Amino acid sequence: MEGDVPRISSGTPYLDQLLAGGWLRGGSYIVTGPPGTGKTTLGNQFCFSVAEQGDCALYVTLLVETHARMLMHLRSLAFFRPEFVGTRVFYLSGTTVLKEKGPSGLLELLTRTVREKHIKVLVIDGFTLVRERAGSTLEQREFLQGLSVLCGLTDCTTLLLSTEMSKAMNVEYAMVDGILALNAELLGRRAIRDLEVVKFRGSNNIPGRHTFLINEHGICIYPRWEAVYRKIPEIIPESSMRLRFGVPRLDAMCQGGLVAYSSTLLLGSPGSGKTLLGLHFLAEGARNEEPGLYFGFAESGKTLMRRMKSMGLDLTPYLERGLIHLESRALAETLPDAMVQELMNLVSQHQYRRVFIDGLEPFAKEAIDPERTTRFLSALINALRDKHITPLITEETNTLFGPDIHSPIEGAEAIFDNLIFLRFVELNGRLYRLLSILKMRDSDNDPFLRELVISHKGIQVQEAPAALGGMMTGQSQAPKTRKKSPKRLTALKRHSRKPGGRK
């Protein structure tokens with residue numbers, strides 16, 4: 001059984017997840033990648049993680065930076081413990097021995113040191129030099145075979161750090177138990193680091209590339225969320241349970257509120273009221289003792305509280321009782337898998353029942369591979385549903401006015417159970433906010449346009465002026481003859497279809 005194979009933690013939780021539990025004890029692995037991709041950090045993080053558990057590690061260098069300079073750089077990282085250096089984590093230069101006695105002499109030095117100090121983790125930094133010093137392929141094989149025997153007899157796990165990229169014909173790639181390839185590349189002006197488990201004997205690892213960062217904690221790995229969360233959700237939307245917005249007319253349009261555990265997309269132009277509706281949704285949950293999380297990217301928590309208070313809805317009591325939690329992030333360079341990990345950690349810690357994600361774009365548009373978007377979002381929604389959460393997510397359209405739907409993330413609207421559309425319409429020199437429910441699965445919904453009024457009294461949903469209804473009908477029919485805009489025509493036809501009845 002795979003679960004019975006002895007494992008040793010890599011020192012990075014999500015790498016252990018990719019490796020189905022960690023490195024196999026006594027195995028030998030190559031970590032390969034160009035300079036600057038994080039090999040040295042990963043190797044040292046492994047050593048200090050083992051030292052934390054009370055075992056000893058040996059870090060061997062071959063024509064790389066000096067030990068003093070390496071330790072100077074490591075001091076800024078959270079995993080570094082100076083008291084372990086020389087007591088549980090030992091540093092050794094093998095360059096001289098390799099030059100004078102070749103790979104066999106280095107193997108003899110490693111064997112003696114591993115046995116004397118009871119080493120459980122061995123890292124060889126600069127393994128490329130061993131190949132260069134080996135006189136023949138046979139000598140390489142003998143070194144690797146001897147290292148494998150040493151690991152098996154002493155229960156020592158070995159990482160060989162190499163700048164050579166993986167080549168199937170190389171001797172070492174065929175003889176080791178696994179290969180981890182690190183990579184760094186530019187995406188536009190952004191620098192992206194990723195890793196791939198190219199080979200791993202005796203384990204069903206998660207395939208493909210996964211992003212990672214090097215920060216004050218060391219190597220932080222973020223597996224592709226859709227690769228990690230692949231199961232079909234066990235929880236299904238419960239139509240007999242409704243979660244209200246706290247806006248009476250809107251709740252009536254939804255036949256009493258959103259179906260519990262269903263997913264809802266608030267699609268609309270900037271300033272149309274998406275954030276306010278989402279916070280109303282959280283406040284209504286708080287009134288019913290249902291904890292809620294705001295996870296957004298535009299405004300700070302203090303700004304949101306001030307805005308809501310000016311509109312007659314004071315969130316302070318709910319925040320003080322822990323019924324609403326506001327989490328705001330800077331709209332900067334983001335990694336979608338990192339954000340979803342953070343979000344799911346918050347959900348696991350606080351047992352939320354409502355989650356409002358104010359901004360789909362930082363999650364989906366920042367994805368490295370645009371083709372991942374629908375799979376990534378589906379996995380996110382399924383994971384939230386299995387946590388008994390009803391998610392509400394906003395997305396901005398590319399247009400400010402009119403009936404057209406121009407979603408910046410293609411296919412996103414099809415993933416959600418419910419779709420609420422907000423937009424501005426101009427009539428006689430005045431702007432009106434209009435609200436309509438385009439889709440509600442497992443529920444009847446009001447198919448008519450309504451006016452959304454935002455004032456110091458709060459949010460109200462009212463009957464739309466008759467003139468607006470006529471104008472919208474005229475606008476939605478005219479573009480049908482425009483043959484040069486098939487995507488726009490498809491969106492208009494979808495919008496003009498009345499969504500009444502069960503779906």
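Which residue takes a positive phi just after α13? Gln351 does, with a phi of about 55°. This report describes the surroundings of that residue and several other parts of the chain, in a model that is predicted.

**The chain as a whole**

The chain contains 18 helices and 22 strands. Of its 503 residues, 53% are buried. Among contacts between residues at least 6 apart in sequence, 71% join residues at least 24 apart.

The average pLDDT is 86, and 87% of the residues score at least 70.

Helix α13 has 15 residues, and its first and last C-alpha atoms are 21 Å apart, close to the 21 Å expected at 1.5 Å a residue. Its buried residues include Pro336, Met339, Val340, Leu343, Met344, Leu346 and Val347. Asp337 and Gln341 are also among the buried residues of α13.

Helix α15 covers residues 373-386, which is 14 residues. At 1.5 Å a residue it should span 20 Å, and its end C-alpha atoms are 20 Å apart, so the two values agree. Because 11 of its 14 residues are buried, α15 is largely enclosed by the rest of the structure. Among the buried residues are Phe376, Leu377, Leu380, Ile381 and Leu384, together with Asn382, Arg385 and Asp386. The elements that cover the buried residues of α15 include α13 (336-350), β17 and β18 (390-396). Other elements of this cover are α8 (225-228), α14 (361-364) and α16 (412-415). After α15 comes His388, whose phi is positive, near 60°.

**Strand β17: Arg354 and Asp358**

Strand β17 comprises residues 354-358 and includes Asp358; Arg354 is found in this strand too. Is Arg354 buried or exposed? Its relative accessible area is 2%, under the 20% cut-off, so Arg354 counts as buried. The side chain of Arg354 makes a polar contact with the side chain of Glu290, at 2.8 Å. Arg354 also lies over the face of Phe281, 4.4 Å from the ring centre. Leaving aside residues up to four places away in sequence, Arg354 touches residues including Leu243, Arg244, Leu282, Pro291, Ile389 and Thr390.

Asp358 has a relative accessibility of 9% and therefore also counts as buried. Its side chain makes a polar contact with the side chain of Thr394, at 2.9 Å. With residues up to four places away in sequence left out, Asp358 touches Thr275, Tyr294, Phe295, Gly296, Phe297 and Thr394. Asp358 and Gly278 are 80 residues apart in sequence, yet their C-alpha atoms are 7.8 Å apart in space.

**Aromatic rings and charges**

The structure holds 12 aromatic pairs. One of them joins Phe245 and Phe281: the ring centres are 5.4 Å apart and the planes meet at 50°, so the pair is tilted. Phe245 lies in the loop between β12 (238-243) and α9 (248-253), and Phe281 lies in helix α10 (residues 274-287), so the pair ties together parts that are 36 residues apart in sequence. Phe245 is buried, at 0% relative accessibility, and Phe281 is buried with a relative accessible area of 0%. Elsewhere, ring pairs link Trp23, Tyr29, Phe46 and Phe200 into a cluster.

| Charged residue | Ring | Distance to ring centre |
|---|---|---|
| Lys117 | Phe90 | 4.5 Å |
| Arg354 | Phe281 | 4.4 Å |

Phe281 thus has two partners described here: its ring pairs with that of Phe245, and Arg354 lies over its face.

**Arg7 in strand β1**

Another arginine, Arg7, is found in strand β1 (residues 7-8). What relative accessible area does Arg7 have? The value is 17%, which is under 20%, so Arg7 is classed as buried. A polar atom of the Arg7 side chain lies 2.8 Å from the backbone oxygen of Gly22.

Key. Residues numbered from 1 in each chain as written. Heavy atoms only, no water. Helix = DSSP H or I, 4+ residues; strand = E, 2+ residues; numbered from the N terminus. Buried < 20%, exposed > 50% of the residue type's maximum accessible area, 1.4 Å probe, protein only. Contact = heavy atoms within 4.5 Å. Polar contact = N/O pair within 3.5 Å; in protein donor to acceptor, adjacent residues only side chain to side chain. Phe/Tyr/Trp six-rings, centres within 6.5 Å; stacked < 30°, edge-to-face > 60°. Lys NZ or Arg CZ within 6 Å of the ring centre and 35° of its normal. pLDDT = per-residue confidence, 0-100. Expected span 1.5 Å × (residues − 1).
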